[in-house]
Amino acid sequence: MKNKTLAAWLTFLGGPLGLHRFYLFGLSDLVGWLLPLPTGLGVYGIQRALAFGQDDALSWILIPMLGFTVAGCALNAIIYGLKTPEKWNAQFNPEADPEASAGATQWPTIGAIVLSLLMGTTVLMSSIVFSFQRYFEYQVEQARLISQ
């Protein structure tokens, strides 16, 4: 049986690596195998920013990919955690009783929801701010170069 609390924590902690998808849908899940791509590209963007400085244009394109992936996984953890036991068991444990304990919301599930909400909103807003800041700095620099 697929446990809702475990799925919420896997989505929050290992979501960018696709761990929750493998737990819920098996190793043949394509999305689970694709999730590490934007995660890895974002980490590469951070390494580029550390190596080449904040003016590296490629890094400010790659870094938000990590942020949006983490934020999306946090949102997914919230969705999993807030599913009713009936809906959870119908989707992931169809052979079980609709009121089976695997779909129950417990305090550890609520902890995953709260942390996902805190971390997800922080990462999402940071990614948006970072993207817009870099975009506007680039536009100002281009306008300055044109006016010279």
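1. The lining of the largest pocket divides into three nonpolar, two polar and four charged residues, where Ala, Val, Leu, Ile, Met, Phe, Trp, Tyr, Cys and Pro count as nonpolar, Asp, Glu, Lys and Arg as charged, and the others, Gly among them, as polar. The model is predicted, so that local features need pLDDT of at least 70 and side-chain atom pairs count only at pLDDT 80 or more, while totals for chains, interfaces and linings use all residues. Residues are numbered from 1 along each chain as its sequence is written, and side-chain values use heavy atoms, with hydrogens and water left out.

2. The residues that line the largest pocket are Gln54, Asp55, Ala57, Trp60, Arg134, Glu137, Tyr138, Glu141 and Gln142. Both α5 (57–82) and α7 (107–147) supply at least two residues of this lining, and the largest share, five residues, comes from α7; helices here are DSSP runs (H or I, at least four residues), numbered from the N terminus.

3. Helix α4 (residues 36–52) and α5 have axes that come within 7 Å and cross at roughly 135 degrees, the axes being lines fitted to C-alpha atoms over the stretch in contact, with angles from 0 to 180 degrees between N-to-C directions. The two helices, α4 and α5, are therefore oblique to each other, a class left after under 35 degrees (roughly parallel), over 145 (roughly antiparallel) and 65 to 115 (roughly perpendicular).

4. The contact (heavy atoms within 4.5 Å) involves residues of α4 including Pro38, Leu41, Tyr44 and Arg48, and residues of α5 including Leu58, Leu62 and Thr69. By class, this contact of α4 with α5 has eleven nonpolar, five polar and one charged residues.

Note on methods: 1 Å grid on protein atoms, 1.4 Å probe; cavity = no way out; pocket = protein on both sides within 12 Å on 5 of 7 lines; lining within 4 Å.
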